[in-house]
Amino acid sequence: MDTDKRSSDWSDVEIQAAVDTYLDMLNREQGGQRMNKAHENRQLRAGVLAARTEGSVEFRMQNISTVLLEMNRPWINGYKPAKNVGANVARKIRDALNLIAMPTSEDFEPTADEITLEKRAGKLEKQVLAQPPKGILKPQLSSAAGKAFLRDPEVRAWVRKQANGVCEGCGQPAPFEMNDRPFLEVHHVKHLADGGSDRPSNAVALCPNCHRRCHHSNDKQAFTACFYERVERLVRED
Ligand SMILES: [Zn+2]
Ligand SMILES: [Zn+2]
């Protein structure tokens, strides 16, 4: 059995790695996406948790469930909360959970600034988003220099989570990662400048090639039209 003494040997870095993986899996579970516990366990032991056994990693995941349960937060069904979590381990897990910043109300505020929008969306992407965001029916142009539209960071986060790392244009995995996330750009199928909404029903997550194709190619109209057949959540806007 994994005694508390041995448990306390886990370093902060090890605990953080387990918590990061756990929250990613929770996100996927809550989003109705597939997740493979055995695979994630192996991945962890191929990296930061190389010194740990499969059973030890499994037990640690159950510890995380216990702490989340105590914090009144959702936990992964497949990891039944373990009964005896040492106080030291519980504290380390709580610290690791708190390090993953919780969004503030500001993170949900629309912005026209691309860098701010991306920062907010990136933060929201790490959260469990239970409901599709309403978004903005008629995005306004900001009065600041640059003349960009005010957009909802949650729409960007939601659409990317739906795409789950796969381009909704060509069906290929994102070509690279940025900030540990698959790089996909969110494109408004009916352009904002043409009166399109900033809603999940008018936005797709695309690889840079497909995104360019939408804006610049000879076949941009035909290419754009096929999104309505391929991506279920899209609704044509007049
Ligand atoms: Zn693509
Ligand atoms: Zn675009």
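A: Let's start with a term: a salt bridge is a side-chain nitrogen of Lys or Arg within 4 Å of a carboxyl oxygen of Asp or Glu. This is a predicted model, where local features need pLDDT of at least 70, side-chain atom pairs count only at pLDDT 80 or more, and totals for chains, interfaces and linings use all residues. Residues are numbered from 1 along each chain as its sequence is written, chains are lettered from A and ligands numbered from 1 in the order in which they are written, and side-chain values use heavy atoms, with hydrogens and water left out.

Q: How many salt bridges does the structure hold?

A: Side chains of opposite charge can pair when their charged atoms come close. Here there are 14 salt bridges. Take Arg-156 and Glu-118, whose side chains meet at 2.6 Å, N to O. This pair links distant parts of the chain, with Arg-156 in helix α7 and Glu-118 in helix α6 (residues 114-125), 38 residues apart. Helices here are DSSP runs (H or I, at least four residues), and strands are too (E, at least two), numbered from the N terminus.

Q: Is Arg-156 buried or exposed?

A: Buried means under 20% relative accessible area, exposed over 50%, and partly exposed in between (1.4 Å probe, protein chains only). Arg-156 has 9%, so it counts as buried, whereas Glu-118, at 24%, is partly exposed.

Q: Which residues coordinate the zinc ion (ligand 1)?

A: Donors are N, O and S atoms within 2.8 Å of the metal (3.2 Å for Na, K and Ca). For this zinc ion they are the SG atoms of Cys-167, Cys-170, Cys-207 and Cys-210, at 2.3 to 2.4 Å. Both Cys-167 and Cys-207 are buried.
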